[in-house]
Amino acid sequence: MRPMNPHPVHALAALAALTLLLAGCGTQGGGDAGGGTTVSPSPTKHPQGCGTAPAKLDAADAGRTYCLATGGELRLSLDGTAARPWTPVKADGNGLEATNSGIVLQAGDASAAFRAVSAGTVRLTSSRPLCATEPHRMSCKGLQEWTVTVRVTKS
C-alpha cells in the first residue's frame, strides 16, 4: 500500500494558486476603465463598416472601428492608476493630426486629441500592465491593450 501525502491540502492550494496566476496573465483588451461602469451606445453604421466616432473615446471603445469626417475632432481619455499606468497614445497611419488634449491630472491616465485633416485610416493604441507591480509581491507581465481604428472620410 502506498503512503498518503501528509499535506494534500497544501498541494491542492498551490495548484489552485498557480492556475489562477496563469489565468490572470496574458493580453486583455478593453474592460477595466479604472472608473465607472458606463456603456457606450451602439455606433451608427457607415457604408465603410464603421460607426460614427463619438466626441470622446475611453477604454470601453477598445477594438472598435469608427468613421470621422475631415474637419471633425476626436478626444480620448484612458483612466489608469499610478500602479497600472497607460502608455502615451500612439497614432499609426494618415488622416489625423494631433492637437492639444489638455493637462492629464491623474497619474497613470492617458489623454489625446486629434483633428481629421485628410482621408485615411489611423490605428490608435495604448497599453498598461494587467497587474500592479509592487516590491516584494507577485506580479505578472501581461498587458491590457487598447486599440481603436479611425477611418477619416472626406466631408
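What percentage of the 155 residues of the protein count as buried? I looked this up first. The figure is 28%. I also noted that the model is a predicted one.

**Entry: overall make-up.** I went through the elements next. The protein has 1 helix and 10 strands. Reading from the N terminus, I get the order α-β-β-β-β-β-β-β-β-β-β. Then I checked the surface. The accessible surface is about 9900 Å², and carbon and sulfur atoms hold 57% of it. I also looked at contacts between residues at least 6 apart in sequence. Of these, 64% join residues at least 24 apart.

**Entry: the core.** I turned to the largest nonpolar core, which has 21 residues. Leu76, Leu78, Leu96, Leu124, Trp146 and Val150 have the most contacts inside it. Strands E4 (65-69), E5 (73-78), E8 (110-116), E9 (120-129) and E10 (143-153) each give two or more residues to this core. Leaving aside neighbours within four places in sequence, I listed its contacts: Tyr66, Leu68, Leu74, Leu96, Gly120, Thr121, Val122 and Leu124.

**Entry: Ser126.** I found Ser126 in strand E9. Is Ser126 buried or exposed? Its relative accessible area is 5%, so Ser126 is buried; the cut-off for buried is under 20%. Next I asked what lies around this residue. Beyond neighbours within four places in sequence, Ser126 is in contact with Leu78, Trp86, Thr87, Pro88, Val89, Gln144, Glu145 and Trp146. I then checked Thr87. Its backbone oxygen lies 2.6 Å from a polar atom of the Ser126 side chain.

How values were computed:
Residues numbered from 1 in each chain as written. Predicted model: local features only at pLDDT ≥ 70, side-chain atom pairs only at ≥ 80, totals over all residues. Heavy atoms only, no water. Core = buried A, V, L, I, M, F, W, Y, C linked by side-chain atoms within 4.5 Å. Buried < 20%, exposed > 50% of the residue type's maximum accessible area, 1.4 Å probe, protein only. Helix = DSSP H or I, 4+ residues; strand = E, 2+ residues; numbered from the N terminus. Contact = heavy atoms within 4.5 Å. Areas by Shrake-Rupley, 256 points an atom, 1.4 Å probe, with all protein chains shown as cover. Polar contact = N/O pair within 3.5 Å; in protein donor to acceptor, adjacent residues only side chain to side chain.
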